[in-house]
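Colleague: I would like to go through the terms used for this model and see what each one rests on.

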Amino acid sequence: MKYFLFNTLGDNSNDGYCFTSDTPEGGVDSWDLIAGYRIADEYPNGIEKTVLRLEEEYPGLVLASYIGNADRMLAFRNDAAKVIIDINQNETEIIPFTLLDYKGKVRSEDYVFINPVGAVDCLNWKKSICTRDNEGNIETYEKLVFARESLEHTPHLFRIRFNSSLYLFSDLLANTLLSKGHTNLIFKDIEVA
């Protein structure tokens with residue numbers, strides 16, 4: 001199966017799309033959403049209402065299928081999220097949130113954060129060019145090369161181990177989203193060896 005790296009900033013060439021560098025308020029924070037942990041374990045009594053605020057410095061008003069953001073969260077409209085969940089068939093949490101404009105007015109209640117639980121060790125470390133911390137986490141990278149054998153039995157959406165804020169989407173998932181007209185989605189080819 002072929003995979004693509006998902007660009008969480010969204011389509012930077014279209015400044016009409018909503019974008020935010022703000023972090024969620026209320027129930028979950030951005031770390032919860034990019035760490036790859038099962039959020040339900042962290043909040044056994046349920047997650048309180050969560051909001052994500054747009055900012056005045058990003059004037060885009062178009063509510064696309066995906067809300068681009070600087071915190072690498074997967075913020076999808078419900079119809080796109082349903083496609084992802086139906087195809088992925090792997091443990092994936094959905095956390096609803098309210099999207100507010102910069103004045104605090106509700107823009108939409110039709111969005112969710114997607115949290116693919118876990119991560120896959122799928123990098124070819126000999127061919128990748130990156131720096132790692134003492135725990136093995138990727139700090140910076142010039143080039144990531146993925147190990148072909150590690151991608152053979154992976155879900156259609158998953159996080160990369162040692163950098164859980166990077167996501168791979170299968171060609172089936174990416175092409176289905178695009179063919180259904182979902183917007184603000186940027187998928188980049190990856191190198192496999």
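Colleague: How many bridges join S1 to S13, and what makes them a pair?

Modeller: This is a predicted model. Three bridges join S1 to S13, and the two strands run antiparallel. Pairing needs at least two bridges, so S1 and S13 count as paired. Across this pairing, Phe 4 stands opposite Phe 169 in S13.

Colleague: What sheet do these strands belong to, and in which order?

Modeller: An open sheet of four strands, ordered S12-S13-S1-S14, with antiparallel pairing.

Colleague: Why are S12 and S14 called edge strands?

Modeller: Strand S12 (157–160) and strand S14 (187–189) each pair on one side only. From one strand to the next, the twist averages 45°.

Colleague: Which helix lies across S1, S12, S13 and S14?

Modeller: H4 does, and it runs at about 75° to S13.

Colleague: Why is the pair of Phe 6 and Tyr 66 called edge-to-face?

Modeller: The ring centres are 4.9 Å apart, and the limit for a pair is 6.5 Å, so Phe 6 and Tyr 66 are a pair.

Colleague: Which cluster do ring pairs build?

Modeller: Phe 4, Phe 6, Tyr 66, Phe 76, Phe 169 and Phe 187 are linked into a cluster by ring pairs.

Colleague: Which residues touch the most other members of the largest nonpolar core?

Modeller: Phe 6, Phe 76, Phe 169 and Leu 177 do, in a core of 35 residues. The elements that each supply at least two of its residues include strand S1 (3–6), strand S13 (163–170) and helix H4 (171–179). H3 gives the largest share, five residues. Apart from this core lies another, of 15 residues, among them Leu 5, Val 120, Cys 122 and Leu 166.

Colleague: What makes you say that the charged end of Arg 132 sits over the ring of Trp 125?

Modeller: The distance to the centre of the Trp 125 ring is 3.6 Å, against a limit of 6 Å; the charge must also be within 35 degrees of the ring normal. The charged end of Arg 132 also sits over the ring of Phe 162, 4.8 Å from its centre.

Colleague: Is Glu 142 buried or exposed, and how do you know?

Modeller: Glu 142 has a relative accessible area of 67%, and exposed means over 50%, so Glu 142 is exposed. This residue lies in strand S10 (residues 138–143).

Definitions and conventions: Residues numbered from 1 in each chain as written. Predicted model: local features only at pLDDT ≥ 70, side-chain atom pairs only at ≥ 80, totals over all residues. Heavy atoms only, no water. Core = buried A, V, L, I, M, F, W, Y, C linked by side-chain atoms within 4.5 Å. Buried < 20%, exposed > 50% of the residue type's maximum accessible area, 1.4 Å probe, protein only. Axes fitted to C-alpha atoms, helices over the stretch in contact; angles between N-to-C directions. Contact = heavy atoms within 4.5 Å. Phe/Tyr/Trp six-rings, centres within 6.5 Å; stacked < 30°, edge-to-face > 60°.
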